[in-house]
Amino acid sequence: MNQSPAVRTKGPLVFLDMDQQALDDAYDQEVYAPNRALVVERRKAASERARAVLGAPKRLTYGPGEHEGLDVFDCGIKGAPFNVFVHGGAWRRNVAADYALQAEPLVRAGAHCVIIDFINVDQAKGDLFPMYEQVRRALAWVWNGAQGFGGDRDRLYVSAHSSGSHLCGVVLTRGWQEEGLPPDFCKGAVLLSGMYDLAPVALSKRSVYVNFTPAMIEKLSGGRYIGSLNTPLVLAYGTCETPEFQRQTRDFAAAVQAAGKPVELLVGEAYNHFELLETLANPYGLTGRAMLKQMGLAQT
């Protein structure tokens, strides 16, 4: 005789309608994307193929720290626009070399691609501020030195995924001021599957490896500084992502729109968190198409 699966007894509510387990699961991508390892392997293999086609990137440094480097894929056109990609990985994983596939559609469309490295939260002993500060300085370094590697700093764009979108969201709302950058230093950003309010994240099991503090939650929640946002945004999430990653993007998009600032919300039907990123490296994919359109580039 078949038995129905056991129904879990819901515990005390921790955030919105979620108990602790539900909230923990909502900030654990693998619960909702069990194929993560396969997608990661696809991404790394595609990055190897991209380097074989494009050649090895120029490796430059934007600061003195061990992790303060970036890969530049040159399109061969002086004064071309450029896109800076900031990777994700739950603040804990991944390096620039894992994302070379992002460069090929940009280079073929006539843009430089810059992929940055930065410290991770484990290396920073649970502190997100060093990550944020390095991403902020990397973007400022690229803008200030764009002409040095053939880029047009008046056509700087950003793309990012997951925790990289979180870090970019903070830079674009408040961090540009800390670097003394002009309000419109970034002409557009495509942010996939990000977090823009750390308060619920701090209540989840991510607090095991991130030392959340009131100052961190306040200063590194980009959604709280929309008044200082001057960058047109394309925000995206997949319908197979965790409920919190969907909500965070929807709420951020709604708040930006309510503030009267330019924002477009894209919903990736039947994509999970990791699969959605694959569309960014595809000029005909949901987010890749949007990125090229935002930059005024033709699909190739």
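A residue counts as buried under 20% relative accessible area, exposed over 50%, and partly exposed in between, with a 1.4 Å probe and protein chains only. The model is predicted: local features need pLDDT of at least 70, side-chain atom pairs count only at pLDDT 80 or more, and totals for chains, interfaces and linings use all residues. Residues are numbered from 1 along each chain as its sequence is written, and side-chain values use heavy atoms, with hydrogens and water left out.

**Overall form**

- The chain contains 11 helices and 10 strands; these are DSSP runs numbered from the N terminus, with helices (H or I) of at least four residues and strands (E) of at least two.
- The radius of gyration is 19 Å, close to the 19 Å from the globule rule for 300 residues, so the chain is as compact as a globular protein of that length. This radius is taken over C-alpha atoms, and the rule is 2.2 Å times the number of residues to the power 0.38.
- Along the principal axes, the C-alpha atoms fill a box of roughly 70 × 45 × 40 Å.
- Of the contacts (heavy atoms within 4.5 Å) between residues at least 6 apart in sequence, 74% join residues at least 24 apart.

**Nonpolar cores**

- A nonpolar core is a set of buried Ala, Val, Leu, Ile, Met, Phe, Trp, Tyr and Cys residues joined through side-chain atoms within 4.5 Å.
- The largest core has 64 residues, and those with the most contacts inside it include Trp91, Phe185 and Leu233. Helix H5 (residues 129-145) supplies the largest share of this core, 9 residues.
- A second, separate core of 28 residues includes Phe73, Val190, Leu292 and Met295.

**Leu233**

- Leu233 lies in strand S9 (residues 233-238) and is buried, with a relative accessible area of 3%.
- Beyond its neighbours within four places in sequence, Leu233 is in contact with several residues, among them Leu172, Phe252 and Gln294.

**Two residues with positive phi**

- Most residues other than glycine have a negative phi.
- Ser193, in the loop between strand S8 (188-192) and helix H7 (199-202), has a positive phi near 55°. Ser193 is buried, with a relative accessible area of 0%.
- Ala270, in the loop between strand S10 (263-268) and helix H10 (273-278), has a positive phi of about 70°. Ala270 is exposed, at 57% relative accessibility.
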